[in-house]
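These are my notebook entries on a structure that is new to me. I record what I looked up, in the order in which I looked it up.

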Amino acid sequence: MALFSGDDLLCIRGERVVFAALHFAVDAGGALLLTGANGSGKSSLLRLMAGLLAPANGRIAWDGEDTGEDPERHKARMHYVGHLDPIKPVLTVAENLRFWAVLKTGNGAAAGGALEAFGIAHLAGVPGRYLSAGQKRRLNLARLETSPAALWLLDEPTAGLDAEAVAGLRNAIARQRSVGGMVVLSTHAEMALDGAEVLDLGDFSAATQMTPAAEETP
Amino acid sequence: MNRFWSIVRRDLRLALRQGMDSLMAVMFFVIAVVLFPLGVGPEPNILARIAAGVIWVAALLASMLSLERLFETDFEDGSLELLLLMPLPLEAVVMAKVTAHWLTTGLPLIVAAPLLAVLMNMDGDGFSVLVLALILGTPSLSLVGAVGAALILGSGRGGMLLSLLVLPLFIPVLIFGVSAVDAAISGFPVRAQLLILGAFLLAALPLCPWTSAAALRQALE
């Protein structure tokens, strides 16, 4: 049985069925690549996995136990990188990162090395407002390195990144998987990961399945 | 607790570096009160009569003005979403942000109030009670306001809506805040009014973070 899995998931956004009867399973050290067209529900699925959204049907389980039952524990074992970069313009890069590290772990000890992993250590004293989109993205991703977490949920992590940063991200993902961590990421770009399972959300869209709910949608 | 204070510290730092945001609430407070002698005329007795009410109303409006941005910036840049995913309850996040809001707006209002009381020719007996009533009342304003600020998230033009939602809820604090000062000036005991203000605060402390957190979860879905 897989460590992190979802069964028969149904996602409804604004009375529209985004996907239905979706199953996924990730094992320790595994990676799951979410693909699909715009609006096929990649972000929604990641938000379901993170617990930001509740599934309309089905369950998401960690080690056989429903993640909704103990949300605090689920939060503690996961890093989520959404499509927005939560960076305050008046705080420096180091302060921004340290804030999230302290919140995650209770102390902000490991913040320094994380900046180096994504090549922004030289920007540590620069206020967030002077960062480019790609640098903000790198800073957001640097949170991954501040503390160990069993599950990484990455929503379009490569958006705005240059080739060097994508390589850095790929290394970080490889390190995470080598210690038994899991990675789920959504992407439009080609992001080859060794042994990653691919989940095409187009296969679960309401239109392909013609569920009754979809027919009712105006 | 470490996490709680790190949110408070971050919000204080943001307020200090952005500077104007928190300063603006106090400046608004001062200007709003100063307008009254100009509008009503320099009649000392009339000013003294309305002093407590004017100061309280201006304090309500000033603390409401700054509430609009309480969650909005965090909502827009994705911080709020991430705060929800941190291993501490969302209620604690709300409480931390309210604490920071009170420290940056409520506290300066309390400091400025006696000065404005002099300007309004308020009777000297009322000063200490005015400050005491504000100390008990302004945290309730921040707490109740946080519920409104959470409800208007994502509605676009929230400022107007926020005042419609929140100002009616401020009325009890206004009534007992003003009545405490009036009683002190007339030489009556003020214990009852202060106890009621304290009771509002004690009721708002658990209820408001809980309701705001529910509204924030709704906004983030």
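At what angle do the axes of helix 6 and helix 9 of chain B cross, and within what distance do they come? I note at the outset that the model is predicted.

**Entry 1: the crossing.** I located helix 6 of chain B at residues 90-119 and helix 9 of chain B at residues 191-220. Their axes come within 8 Å and cross at roughly 110°. An angle of 65 to 115 degrees counts as roughly perpendicular, and I therefore describe helix 6 and helix 9 of chain B as roughly perpendicular to each other. I then looked up the handedness, and this crossing of helix 6 and helix 9 of chain B is right-handed.

**Entry 2: the chain as a whole.** I counted 9 helices and 0 strands in chain B. Its elements run α-α-α-α-α-α-α-α-α from the N terminus on. The radius of gyration of chain B is 18 Å, close to the 17 Å that the globule rule gives for 221 residues, so chain B is as compact as a globular protein of that length. I noted that its C-alpha trace spans about 55 × 35 × 30 Å along the principal axes.

**Entry 3: burial and contacts.** How much of chain B counts as buried? I found 47% of its 221 residues in that class. Among contacts in chain B between residues at least 6 apart in sequence, 82% join residues at least 24 apart.

Conventions
Residues numbered from 1 in each chain as written. Chains lettered and ligands numbered in written order. Predicted model: local features only at pLDDT ≥ 70, side-chain atom pairs only at ≥ 80, totals over all residues. Axes fitted to C-alpha atoms, helices over the stretch in contact; angles between N-to-C directions. Helix = DSSP H or I, 4+ residues; strand = E, 2+ residues; numbered from the N terminus. Parallel < 35°, antiparallel > 145°, perpendicular 65-115°, else oblique. Left-handed = near helix turned anticlockwise from the far one by under 90°. Rg over C-alpha atoms; globule rule 2.2 N^0.38 Å. Buried ≥ 20, exposed ≤ 12 C-beta atoms within 10 Å, placed from the backbone. Contact = placed C-beta atoms within 7 Å.
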